Every structure is written in structure tokens, then in C-alpha cells.
Amino acid sequence: RLAQDLPPEALDPSNIPDKVPWPRLNPEASSRKAWLLAEGPYRDQRDGKRLVTFTFDDGPVPETTPTVLRMLAAYNIKATFFVIGQYLEGESSRAQRSREVLRDAVRQGHLVGNHTLDHRLLTTRTHAEAQAQIDRSAFAIEQTIGAKPILFRPPYGQVDDYTMGLLRERKQELVLWSLEANDMQTSDIPWMIETLKAQIEYRGGGSILLHDVRGTTIPVLREILLWLHEHKFDPRKPRQVGYEVVDMTTYIKETA
């Protein structure tokens with residue numbers, strides 16, 4: 001339901017359980033620290049467990065996001081979706097479907113973050129434009145799911161001092177990534193699969209960036225999910241490297 005359809009008490013922040021369910025590791029919204037935090041927790045060579053978390057940018061779209069949700073559900077994986085606010089605005093049939101897709105994601109336990117209104121590079125915007133990009137998108141998200149987003153991912157991973165100040169004022173967490181398939185730059189599915197596997201192995205897990213707006217991302221996700229399942233951590237063999245896919249909350253807590 002839209003926020004205006006909810007009773008006032010439902011929007012009272014005190015009624016939202018565990019509003020900030022992880023430590024604030026980067027209250028200054030430093031991009032340098034955010035890149036470091038995206039790499040995840042310290043990797044003890046005596047412990048083979050390696051954490052992976054999935055993030056998806058640039059949706060939601062009715063063509064591909066529902067397929068992503070079904071694939072994640074098949075492995076009981078909770079991801080984080082950094083969404084474009086303008087897709088949620090208006091009363092067109094497409095906007096209504098996009099809002100319902102985002103509500104489905106929330107109902108299934110996924111987190112939602114702000115990825116600006118229309119994916120403009122914030123560092124080239126005026127101060128007023130940068131603020132509008134963040135705030136208007138946040139408002140569209142709140143109107144859709146009934147809660148303000150506390151996670152923020154800037155387009156292209158770029159922020160400047162002014163943007164960091166805006167995030168500090170809004171107490172939003174700057175979330176970046178450490179692994180990517182470059183699925184917005186290429187449609188070479190075998191290459192994307194192999195390069196992502198290689199990154200996961202080399203970096204020992206991490207925060208994966210994919211885009212739920214590209215059809216070619218679907219087979220990549222399918223193969224990576226299967227591969228991670230086949231190479232999952234086995235607690236009976238604690239020194240053997242294996243992967244555990246976790247939600248962003250767990251990932252950040254373990255990093256702390």
C-alpha cells in the first residue's frame with residue numbers, strides 16, 4: 001500500500017523494529033571508507049568461511065526484477081536493491097507495476113536503498129539538484145514501501161564533499177561494492193560469469209554489484225547462485241574455503 005493508505009501509527013519511526021540494525025561504521029559518509037567496508041570482514045586464514053552479499057542497482061522494472069526475486073527465493077537469499085526513484089512516480093501502469101515489484105521485494109525480506117531519482121552523476125549537479133536527486137527519490141521510496149531508506153548508493157560510486165554532507169545530515173549509510181560483472185557494459189554472458197567467479201575467489205567473497213534491469217544479467221545470476229551453492233562453506237571442514245551468502249545487515253555486522 002502507499003504510505004498515505006497506512007494508518008499514521010504505521011509510519012511512526014518508533015514502530016519500525018530495529019530501525020538501524022547494524023552499527024554505523026561510516027557516519028561521515030566517506031567514500032574511501034565505504035570502498036573499504038564493501039570488501040567485508042577480515043578474512044582469518046584459519047577460518048575458511050567467506051561472506052558474499054548481493055546488491056542490485058537501477059530497478060525496479062517489471063520485466064526482469066521479478067525474475068531476480070524468484071531466483072533469490074529459490075536459494076533463500078536476501079539481497080539489497082538500490083532503486084531509481086522516478087520509476088516509482090506517477091500513475092502510469094508501468095509505475096504501478098514497478099511499485100508493486102518493490103513491495104514484493106520488501107515482503108520477501110529484501111532491503112531497499114536509494115540510488116537517486118534518475119541516476120544523474122551527483123558530482124556534476126548543482127547543490128540544489130544533488131539534494132533533489134536524493135530527497136525526491138527517498139520520498140518516492142517511502143511512499144511506496146512506507147519507510148524511509150537508510151541505505152544510499154551514488155550513481156557510478158561517486159560522491160563529493162557536498163553529497164557526503166547531505167548523507168551525514170540524513171543519517172544515510174553510503175554503501176558501495178567490491179565485486180562486479182560489468183553487466184551494464186557488456187552482454188558477454190560467459191565472460192561475465194567467469195570474471196565474477198574469479199573476483200569472488202581472488203577477493204575471498206565480497207559485495208556483488210549486479211543490475212536487475214538487464215536481461216543478460218539473469219543467466220549470470222543463475223550461474224553464480226549455483227556456483228556459490230556448490231562451493232558453500234561447510235562447518236564440518238572449517239579450514240576449507242567456502243562461501244556463505246548473507247544479507248547486507250549480517251555483512252555489515254560481521255564487518256564491524
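I started at Phe-56 and listed what it touches (contact: heavy atoms within 4.5 Å), leaving out residues up to four places away in sequence: Val-68, Leu-72, Ala-79, Thr-80, Phe-81, Phe-82, Leu-210, His-211, Asp-212 and Leu-221.

Housekeeping before going on. This is a predicted model, where local features need pLDDT of at least 70 and side-chain atom pairs count only at pLDDT 80 or more, while totals for chains, interfaces and linings use all residues. Residues are numbered from 1 along each chain as its sequence is written, and side-chain values use heavy atoms, with hydrogens and water left out.

**Cores**

Next I looked up the nonpolar cores, each a set of buried Ala, Val, Leu, Ile, Met, Phe, Trp, Tyr and Cys residues joined through side-chain atoms within 4.5 Å. Buried is under 20% relative accessible area, exposed is over 50%, and partly exposed is in between (1.4 Å probe, protein chains only). The largest core holds 34 residues, and Phe-54, Phe-56 and Ile-200 have the most contacts inside it. I then checked which elements give it two or more residues: strands S1 (49-59), S2 (80-83) and S7 (206-211), plus helices H2 (65-74), H3 (93-107), H4 (127-145), H6 (189-203) and H7 (217-230). H7 supplies the largest share, seven residues. Helices here are DSSP runs of H or I with at least four residues, strands are runs of E with at least two, and both are numbered from the N terminus.

Another core lies apart from that one; I count 14 residues there, including Leu-122, Met-164, Leu-176 and Trp-177.

**Helix H1**

Which residues of H1 (residues 31-38) are buried? I get Ala-34, Leu-37 and Ala-38. Seen down the axis of H1, they fall within an arc of 100 degrees, so they line one face of the helix. The arc is taken from the directions from the helix axis to the C-beta atoms. On the other side of H1, Arg-32 and Leu-36 are exposed. The buried residues pack against strand S5 (173-174), S7 and helix H8 (248-255).

I also looked at both ends. At the start of H1, a side-chain oxygen of Ser-30 comes to within 3.3 Å of the backbone nitrogen of Arg-32. Just after the helix, Gly-40 has a positive phi of about 90 degrees.

**Salt bridges**

My rule was a side-chain nitrogen of Lys or Arg within 4 Å of a carboxyl oxygen of Asp or Glu. That gives 16 salt bridges.

Glu-173 pairs with Arg-24, the closest N and O atoms being 2.3 Å apart. This one links distant parts of the chain, 149 residues apart: Glu-173 sits in strand S5, Arg-24 in the segment before H1. Glu-173 counts as buried because its relative accessibility is 7%; Arg-24, at 29%, counts as partly exposed.

Asp-44 and Arg-46 form a salt bridge at 3.0 Å, N to O. I have Asp-44 as partly exposed at 22% and Arg-46 as exposed at 59%.

Glu-89 meets Arg-136 at 2.8 Å, N to O. The two are 47 residues apart, with Glu-89 in the loop between S2 and H3 and Arg-136 in helix H4. Glu-89 comes out partly exposed at 27%, and Arg-136 is partly exposed at 45%.

Conventions. Polar contact = N/O pair within 3.5 Å; in protein donor to acceptor, adjacent residues only side chain to side chain.
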